[in-house]
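Subject: Structure for your review

Dear colleague,

Please find the structure below, together with its sequence.

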Amino acid sequence: MQNDFLPINGTDYVEFYVGNARQAAHYYQSAFGFQPLAYAGLETGLKDRTSYVLRQDKITFVLTSSMVPGSMISEHCKLHGDGIKVIALWVDDARKSYEETVKRGAKSYFEPYASSDEQGEVVLSGIHTYGDTVHIFVERKNYKGAFLPGFTGWDPVYKPSSVGLRYADHIVGNVGWGEMDTWVDFYHEVMGFNQLISFDDNDISTEYTALMSKVMASSNMYIKFPINEPAKGLKKSQIEEYLDFYHGPGAQHVAMATDNIIETVIALKSRGVEFLRVPDSYYDTLPDRVGKIDEAMAPIKEHGILVDRDEEGYLLQIFSKPVEDRPTVFYEIIQRKGAKSFGKGNFKALFESIELEQGRRGTL
Ligand code: FE2
């Protein structure tokens with residue numbers, strides 16, 4: 001695209017810093033249907049950390065844990081619990097991506113460097129974003145290997161099937177009070193993204209809790225980053241709850257797209273993934289709100305799937321409960337039927353469901 005100083009081909013990978021990468025990898029295999037791809041650890045010459053790489057269609061997760069106290073990874077886990085450290089972006093030129101963003105005010109995470117093995121060469125560079133989260137630019141056009149140099153193949157016997165997750169639709173960041181526009185400006189000015197839709201707190205609040213959200217997207221729309229900040233309500237916003245437990249800003253949820261949300265949700269539930277449930281009354285008014293949809297209403301209601309419509313079509317979505325001990329990171333499963341929005345019409349019903357959970361946690 002013309003004037004796009006930061007062309008991005010897609011999300012390259014999402015890296016989590018976790019307490020025990022081996023066990024987290026098992027969870028993402030067994031519960032979410034990710035397939036084993038690559039490994040790095042003692043056997044590959046690393047002494048300080050272990051990483052497992054899993055993939056499902058175009059979604060790549062890296063789970064990394066520290067093997068030494070006091071490391072950046074250990075400290076990250078100590079402060080935040082298990083959480084997302086890296087949202088890596090696939091680019092054609094990692095050096096230029098770094099220069100263009102740092103020139104516009106990005107804080108350097110690391111300068112560009114090349115890394116190679118017998119499969120070729122990658123170039124990596126990195127910048128900071130909200131909280132302790134970073135973006136790594138990955139240039140892999142001269143690389144044929146499965147993941148990155150330094151990793152070896154990982155091919156365990158245990159390989160539960162995929163659940164039909166296809167790509168990362170969007171990744172949401174929670175930032176502090178009054179910081180949403182700072183990060184909206186960052187994605188606009190430093191990374192050349194544009195704002196998609198704007199909500200105000202009247203749009204997404206209940207009697208008790210509220211948030212504000214703006215969506216930033218790359219010019220080709222391959223990358224979409226909604227940014228949330230808490231808003232004042234009678235009780236504690238779910239964003240504030242996240243900030244309290246994560247001890248600062250961080251990635252809140254990854255939305256993963258499927259071509260058949262009913263089948264995917266049935267598979268995820270059978271493997272132990274738990275979802276938020278809206279009150280059954282949500283389904284009484286659904287046909288009036290969204291009109292005719294392709295899917296039968298019975299399984300939509302049975303599995304608690306949400307539906308929303310915009311000018312271009314509709315979408316189906318559902319949200320998991322947090323997957324960590326702390327109420328921090330969770331997942332959204334989404335199926336788009338033309339709609340390019342994010343389910344604003346569902347926020348109120350969802351908030352009421354989240355408030356029930358917060359009430360159980362004593363954090364409302
Ligand atoms: Fe979302």
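Which residue lies over the face of Phe 342, and at what distance from the ring centre? Arg 336 does, at 5.3 Å. A charge sits over a ring here if NZ of Lys or CZ of Arg is within 6 Å of the ring centre and within 35 degrees of the ring normal.

As to the source, this is a predicted model, in which local features need pLDDT of at least 70, side-chain atom pairs count only at pLDDT 80 or more, and totals for chains, interfaces and linings use all residues. Residues are numbered from 1 along each chain as its sequence is written, and side-chain values use heavy atoms, with hydrogens and water left out.

Aromatic pairs

The structure contains 27 aromatic pairs (rings of Phe, Tyr and Trp, the last by its six-membered ring, with centres within 6.5 Å; planes under 30 degrees apart are stacked, over 60 edge-to-face, the rest tilted). Phe 319 and Phe 330 make an edge-to-face pair, because their ring planes stand at 70° with the centres 6.2 Å apart. This pair links distant parts of the chain, 11 residues apart: Phe 319 belongs to strand β16 (residues 313-319) and Phe 330 to strand β17 (residues 330-337). Helices (H or I, at least four residues) and strands (E, at least two) are DSSP runs numbered from the N terminus. Phe 319 is buried at 8% relative accessible area, and Phe 330 is buried at 11% (buried is under 20%, exposed over 50%, partly exposed in between, with a 1.4 Å probe and protein chains only). One aromatic cluster is formed by Phe 16, Tyr 27, Tyr 28, Phe 32, Phe 34, Phe 61 and Tyr 331.

Strand β7 and its partners

Strand β7 (residues 120-128) has 7 of its 9 residues buried, so the rest of the structure largely encloses it. β7 pairs in the antiparallel sense with strand β6 (residues 108-117) over 7 bridges, and with strand β8 (residues 134-139) over 6 bridges; pairing requires at least two DSSP bridges between two strands. Ser 108 is opposite Ile 127 in β7, while Ser 125 is opposite Phe 137 in β8. The hairpin of β6 and β7 has 2 residues between the strands. That of β7 and β8 has 5, and Gly 131 there takes a positive phi near 60°.

Yours sincerely
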